[in-house]
Amino acid sequence: MAQVLIVMGSKSDLPVAEKATALLKKFGITFDIAVASAHRTPARVEELVKGSDAEVFIAIAGMSAALPGVMASFTVRPVIGVPVQGKMSMDAILSVVQMPPGIPVAAVGLDRGDNAAVLAAQILSVSHPGIRERLLAHREEMADKVIRDSEEVVLGVQS
């Protein structure tokens, strides 16, 4: 059973999905991935969501970005929407964040598949202590990198 199901609106969203899968792997979170369009294959979207045992869903979509909302309409489990940057970036953002009452979608920034994975891990960490520990280690790694970057900048300026 996959803990997370990632659904992309089209194959062109794969680079964004790969940001998510890299971190999910790092956190030891199992996942499945699929392509389904809210407009072109709505029955497939419904089948994927209703047939999944995933605890969290990540929906990646651009343009009108209806996929996260459509997925949320088929489940009460958390759906994280990732709007994809393009010619209609603002439309994608608003489609993810402007959901009607009762059918929320969590939203991350444009192309932020990585943040979607972190948010999914945070949700899962409530009932999975091992994931919580890996999240804490990830935070420490990020802090260490900032400190190293600062030291490099200071050394570079003083040279």
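Trainee: Before we start, what does "buried" mean here?
Mentor: A residue is buried when its relative accessible area is under 20%. Keep in mind that this is a predicted model.

Trainee: Got it. Which strand does E1 pair with, and how many bridges join them?
Mentor: Strand E1, residues 4–8, is joined to E3 by 5 bridges, and the two run parallel. As a landmark, look for Val7, which stands opposite Ala59 in E3.

Trainee: And what about E4, parallel or antiparallel to E3?
Mentor: E3 and strand E4, residues 79–83, pair in the parallel sense, over 5 bridges. Ala59 is handy here too, as Ala59 stands opposite Gly81 in E4.

Trainee: Let's zoom out. How many helices and strands does the chain have?
Mentor: There are 6 helices and 5 strands. Following the sequence, you read the pattern β-α-β-α-β-α-β-α-β-α-α.

Trainee: What about the chain overall, how much of it is buried?
Mentor: Of its 159 residues, 40% count as buried. The C-alpha trace spans about 60 × 40 × 30 Å along its principal axes.

Trainee: And the accessible surface, what does it come to?
Mentor: About 8,600 Å², with 59% of that belonging to carbon and sulfur atoms.

Trainee: How far apart in sequence are the residues that touch?
Mentor: Take the contacts between residues at least 6 apart in sequence: 68% of them join residues at least 24 apart.

Trainee: Now the helices. At what angle do H1 and H5 pack?
Mentor: Helix H1 (residues 14–26) and helix H5 (residues 113–125) pack at about 35 degrees, and their axes are 7 Å apart.

Trainee: Is that crossing left-handed or right-handed?
Mentor: H1 passes H5 in a right-handed crossing.

Trainee: Which residues meet there?
Mentor: From H1 you have Val16, Lys19, Ala20, Leu23 and Leu24, and they meet Gly113, Asp114, Ala117 and Val118 in H5. Sorted by class, this contact has 6 nonpolar, 1 polar and 2 charged residues.

How values were computed
Residues numbered from 1 in each chain as written. Predicted model: local features only at pLDDT ≥ 70, side-chain atom pairs only at ≥ 80, totals over all residues. Heavy atoms only, no water. Axes fitted to C-alpha atoms, helices over the stretch in contact; angles between N-to-C directions. Helix = DSSP H or I, 4+ residues; strand = E, 2+ residues; numbered from the N terminus. Left-handed = near helix turned anticlockwise from the far one by under 90°. Contact = heavy atoms within 4.5 Å. Nonpolar A, V, L, I, M, F, W, Y, C, P; charged D, E, K, R; others polar. Buried < 20%, exposed > 50% of the residue type's maximum accessible area, 1.4 Å probe, protein only. Areas by Shrake-Rupley, 256 points an atom, 1.4 Å probe, with all protein chains shown as cover. Pairing = 2+ DSSP bridges.
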